[in-house]
Amino acid sequence: MDALRQKYIDAIANVADESTLEDLRVAAVGKKGEVSLKMRELGKMTPEERQVAGPKLNALKDELNSALSAKKAALADAALDERLRSEWLDVTLPSRSRGQGTIHPVSQVTEEVSAIFADMGFTVAEGPQIENDWYNFDALNIPPHHPARQEFDTFYMNRAEGDDRPPHVLRTHTSPVQIREMEKTGAPIRVIAPGRVYRSDYDQTHTPMFHQIEGMAIGKDISMANLKWVLEEFFAAFFEIDGIKTRFRASHFPFTEPSAEVDIQCSWVDGQLRIGEGDDWMEVLGSGMMHPKVLQAGGVDPDKWQGFAFGMGIDRIAMLKYGIPDLRAFFDSDLRWLRHYGFSALDMPTLHGGLSK
Amino acid sequence: MKFTLSWLKDHLETDASLDDILYALTDIGLEVEEVINPADTLSEFTLGYVKSAEKHPDADRLRVCQVETDAGMQQIICGAPNAREGITVVVCKPGMYIPGLDITIKVGKIRGVESHGMMASEKELELSDEHDGIIELPSGKVGDKFIDWLAANDPTKVDPVIDIAITPNRPDALGIRGIARDLAARGLGTLLPTKTAQVDGTFECPINVTIDEDTRTDGCEVFMGRLIKGVKNGPSPEWLQHRLRAIGLRPISALVDVTNFFTYDVNRPLHVFDADKVSGDLRVHRAKGGETLMGLDDKEYSFDAGMVVISDDKAIESIGGIMGGLATGCTETTTNVFLEAAIWDTIRTAKTGRALKINSDARYRNERGIDPAFNAQAIELATQMILDLCGGEASNVVTAGEVPDVSRAYQLDTDRVQSLVGMEIAPTTQRATLTALGFELDANDMASVPSWRPDVQGSADLVEEVARMASLTKLEGKPMARAQVGVPRAILTPMQQRENMARRTIAALGYNECVTYSFIDQASAKLFGGGTDATMLDNPISSEMSHMRPDLLPGLLQAAARNQARGFMDMALFEVGPAFHGGEPGEQHLLATGILIGHTGPKDVHGERRSVDLYDAKADAEAVLSAVGAPARVQILREAAECWHPGRSGVICLGPKKVMAVFGEIHPKVLTAMDVKGPAVGFTVFVEQPPFPRNKTATRPALALRDLQAVERDFAFVVDADVEALTLVNAATGADKTLIESVRVFDEFIGDSLGVGKKSLAISVRLQPIDATLTEKDIEAVSDKIIAKVAGATGGELRG
């Protein structure tokens with residue numbers, strides 16, 4: 001029996017493929033295999049002999065079976081290894097290409113600004129871009145032929161012959177939305193209004209279309225000091241620089257009284273603008289307390305309510321924050337520019353997650 | 001508005017430093033745009049004394065000078081003809097920057113002899129064009145600063161020139177006196193008293209003046225003038241010429257320079273006629289239309305009816321408040337001059353100036369508003385100055401019209417001022433500020449407005465005056481509490497959320513967002529159903545931007561053409577923004593448009609590159625519709641606009657009148673016209689069209705999961721080639737509305753074996769049993785119904 005065992009153990013060890021192993025299994029422990037035949041002989045034995053030979057044969061059968069399955073697994077592993085070796089691929093080949101979309105800086109910054117003002121309780125309003133001159137000028141205390149009107153470089157829409165109304169304009173600022181929102185909701189109100197505006201000007205730093213964001217807050221005791229705080233908070237949040245300094249300079253706009261232009265702290269280092277440091281100032285917006293005539297035009301009683309308004313260039317603050325040098329490139333759709341200055345589709349600005357990554 | 005510091009000090013007594021003045025100007029709303037201070041470039045130079053000057057051993061024209069300086073005796077080689085012993089000079093030591101030469105001086109050897117600096121000429125220090133020799137000073141000690149010497153002996157040379165921006169509401173600040181008044185009100189000195197003059201006429205003015213009745217209102221309110229005879233015109237004195245030159249004006253002659261002086265000194269434009277060239281009397285009237293005048297700027301102007309002009313007995317001689325005529329202008333030979341000071345209507349002046357395209361100092365000021373109360377005194381002061389500079393004899397003053405009464409008063413509410421500004425400003429301070437600005441307050445705080453402030457039209461304007469003088473720079477921000485306590489609520493409207501969702505979905509699909517102009521050229525607009533007169537700009541900036549865009553496609557296709565010209569042939573561009581279907585406010589609609597051009601990607605090793613096709617565009621349109629919550633069950637109709645390929649485009653809609661999107665291939669003619677190399681496909685989602693759910697709730701409907709296994713069965717039908725897949729799918733779906741969960745087309749085959757004009761469409765039908773497992777018999781029954789339905793709807797037969 002030991003010889004039998006040794007014969008098969010050696011044979012199993014030397015097998016090189018699965019079919020030989022199977023042949024070996026049949027020869028050893030198959031129905032007609034040597035071990036099975038020996039088992040059949042047990043019947044002819046005396047009970048005493050059987051008691052000795054039986055367990056030995058069972059043990060031999062178990063041992064051979066486990067040797068066979070171990071060898072089978074080893075052969076399978078070896079075969080798999082062999083197959084995997086043959087399946088080598090050049091992993092440095094380029095991956096399947098997938099287009100990378102981008103969000104335009106104007107859209108991204110509009111969402112950033114909206115996120116900040118939403119937290120301060122402002123809603124977002126919109127208005128028509130072709131405006132009638134009442135909303136764009138008269139209601140904002142800019143009477144016809146006032147020199148202030150000429151400073152806007154207004155685009156006028158064509159008037160059909162026989163239509164004697166004053167020509168419509170492409171809105172020169174987002175301020176007409178102030179009037180429309182006051183008409184819609186009355187006071188108190190807090191609203192911002194981002195959007196396209198148009199002025200007939202095209203040079204190094206001007207494009208005939210650009211983007212503004214208007215802000216307006218009306219309440220019982222809202223003051224210019226509140227305006228200053230709101231804007232200081234806004235700049236700190238938007239530029240993500242704590243303690244960024246702002247400067248309010250008295251100025252004049254027909255629709256606010258008093259009026260202030262607002263500068264933020266900056267410096268120029270090697271021709272590069274840096275926001276939030278240094279001794280220079282960069283003008284970023286115009287603002288003021290809403291003129292009583294403007295409140296009246298919107299149907300709000302200036303004896304009962306007061307409020308502030310401001311307007312700033314979205315493209316401009318985008319340029320300042322992200323170091324984009326040329327306004328004209330915003331509207332040129334150069335793929336290289338879109339990819340370089342654009343934002344990922346999933347890069348959604350939030351206050352809790354941060355505005356910029 | 002330019003002025004010099006010394007001119008300012010004609011009106012303001014002040015010890016304030018230049019920096020303090022500049023800071024205050026900007027803070028009170030007179031924004032400093034530029035300061036040219038000669039002292040900045042001259043601050044280092046000091047005086048020296050030439051102790052000896054010997055001829056250079058190797059050069060006849062050079063002198064070797066020993067110069068006493070604040071750094072001891074220095075040897076300086078100098079080539080100036082006046083370099084000699086015993087003169088006081090301006091020394092530039094090594095390391096100093098010479099502005100006129102744009103170099104920094106170094107120790108050097110000139111023909112073998114060391115030189116430790118230079119002695120400067122006026123040109124080298126940019127003081128004048130004088131370069132015949134070095135500066136020789138008649139006084140001064142060694143080591144004195146040159147700028148101090150200049151300040152004491154020749155102050156105009158170091159007079160800083162300040163340029164400030166004047167907002168349109170402040171005509172008074174277009175005169176240096178107005179600026180001085182503002183600074184005094186801020187506390188930077190004392191406003192000096194106004195000069196006064198009274199010249200009594202010695203004879204009757206031979207030129208009479210009238211204003212036509214219809215020209216009094218909205219034309220010319222008052223016109224004053226007088227003749228000054230026997231003047232001697234010529235160059236004005238050096239001090240006046242220097243002042244005018246310093247602020248960028250060209251001195252012309254004494255008479256003209258006087259008018260310019262008053263324009264800038266007190267914002268009082270004047271005009272002088274050569275009286276000998278005026279025929280008879282002067283008449284202020286409206287032009288009939290078509291008359292012409294050669295202006296002082298040598299250009300001919302043609303008048304529209306209603307413009308206000310001044311004529312003599314023969315012709316129009318001057319444009320009221322804007323520009324005089326060349327024929328009656330003063331020259332060097334003028335001996336009799338007629339001086340004019342008038343109050344012109346601001347709006348009329350602005351209209352006329354704009355129509356004639358004249359940008360004169362006079363127009364700029366007259367259209368903003370001149371102090372009418374000063375008119376009579378202006379005539380006297382100017383007469384006095386002309387008599388002083390040119391001699392002569394003045395007539396009495398002729399006056400037409402009346403000085404308008406502009407007096408008005410508004411209530412100062414000192415509490416309201418503090419409430420609006422949010423700053424504590426004592427009532428006494430408020431009153432003092434207004435008084436310093438020329439307002440007169442009575443016991444009840446009614447503030448009478450000074451005649452030079454046409455901009456002040458109500459109490460709110462008083463607030464601005466107080467606030468700007470109190471300093472907005474100093475204003476402390478005050479927190480503004482949220483309107484509602486607690487966690488801020490969402491503020492975007494459903495449509496705004498949808499717009500953002502559409503934008504970010506398209507970007508996630510691989511498109512680059514563009515922002516293109518809202519206006520395009522008419523030819524491009526016409527390709528997309530626009531270019532109408534209603535959407536035309538009256539004054540476009542160029543013919544490339546003449547019409548409001550009817551669609552976002554033209555702007556994107558132009559962008560694609562530009563990128564292709566740069567060598568980028570494949571791209572995915574999109575824009576979310578308004579298109580305009582009319583010229584009235586509100587005739588705009590929000591679109592989200594994407595275009596795919598060229599191939600799906602660059603050439604690659606995986607062999608997956610292919611041309612983009614309409615199914616790419618369709619997939620993206622569907623993805624956007626799904627993202628914005630549009631209903632899933634839609635119709636697809638072939639009713640796309642003409643800019644699309646007629647056979648390869650469709651609209652996704654809820655019935656023919658509710659179009660939510662369009663997709664397809666761009667029409668080849670459009671691509672050719674816009675110079676884009678195809679293939680090009682695209683889509684537009686009409687963002688505002690998909691309906692919003694009626695009941696907005698965050699709760700989802702319950703999820704119905706079936707335990708029984710679903711069964712899939714495939715069918716292939718042979719149908720006519722023009723049968724649309726959706727028709728077949730809808731027919732199959734309708735065969736059993738409870739059992740059939742979905743029907744999906746998985747193959748389209750066109751081949752000769754099917755017969756001409758035929759195609760095979762293969763669908764996979766998924767059956768979801770609800771109560772019991774399906775038997776073969778059940779499935780057979782459904783299959784029969786599907787085959788019958790499809791046959792009925794399309795004439796299709798099961799493929800053998």
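How many residues of chain A are in contact with how many residues of chain B? The points below start there.

1. **Basis.** This is a predicted model: local features need pLDDT of at least 70, side-chain atom pairs count only at pLDDT 80 or more, and totals for chains, interfaces and linings use all residues. Residues are numbered from 1 along each chain as its sequence is written, while chains are lettered from A and ligands numbered from 1 in the order in which they are written.

2. **Chain A against chain B.** On the chain A side, 79 residues are in contact with 85 residues of chain B. Contact means that the C-beta atoms of two residues, placed from the backbone, lie within 7 Å. Helix H9 of chain A gives the largest share of the chain A side, 7 residues. By class, that side has 38 nonpolar, 25 polar and 16 charged residues. Here Ala, Val, Leu, Ile, Met, Phe, Trp, Tyr, Cys and Pro count as nonpolar, Asp, Glu, Lys and Arg as charged, and the others, Gly among them, as polar.

3. **Nonpolar cores.** The largest nonpolar core holds 240 residues. A core is a set of buried Ala, Val, Leu, Ile, Met, Phe, Trp, Tyr and Cys residues joined through C-beta atoms within 7 Å. Buried means 20 or more other C-beta atoms within 10 Å of a residue's own; exposed means 12 or fewer, and partly exposed lies in between. The residues with the most contacts inside this core are B:Val337, B:Leu573, B:Ala661 and B:Val685. H9(A), residues 224-239, supplies the largest share of the core, 9 residues. Another core, of 31 residues, lies apart from it and includes B:Leu42 and B:Met118.

4. **B:Leu573.** Residues up to four places away in sequence are not counted here. B:Leu573 touches A:Ser333 in the other chain, and its contacts in chain B include B:Tyr511, B:Cys514, B:Leu556 and B:Ile595.

5. **A helix pair in chain B.** The axes of H15(B), residues 494-508, and H18(B), residues 614-627, come within 9 Å and cross at roughly 145 degrees. Helices (H or I, at least four residues) and strands (E, at least two) are DSSP runs, numbered from the N terminus. Axes are lines fitted to C-alpha atoms, for helices over the stretch in contact; angles run from 0 to 180 degrees between N-to-C directions. B:Met501, B:Ala502, B:Thr505 and B:Ile506 in H15(B) meet B:Ala623, B:Val624 and B:Ala627 in H18(B). This contact has 6 nonpolar, 1 polar and no charged residues.

6. **A sheet in chain B.** Four strands form an open antiparallel sheet in the order E40-E41-E39-E42. E40 and E42 (797-798) are the edge strands, each pairing on one side only. Strands pair if DSSP finds at least two bridges between them. E39(B) and E41(B) pair over 10 bridges, and B:Val719 stands opposite B:Lys759. E40(B) and E41(B) pair over 8 bridges; B:Val743 stands opposite B:Val765. Helix H21(B), residues 776-794, packs on the sheet and touches E39, E41 and E42. The direction of H21(B) makes about 25 degrees with that of E39(B).

7. **B:Leu18.** This residue lies in helix H2 (residues 18-27) of chain B. Leaving aside neighbours within four places in sequence, B:Leu18 is in contact with B:Leu5, B:Asn37 and B:Pro160.
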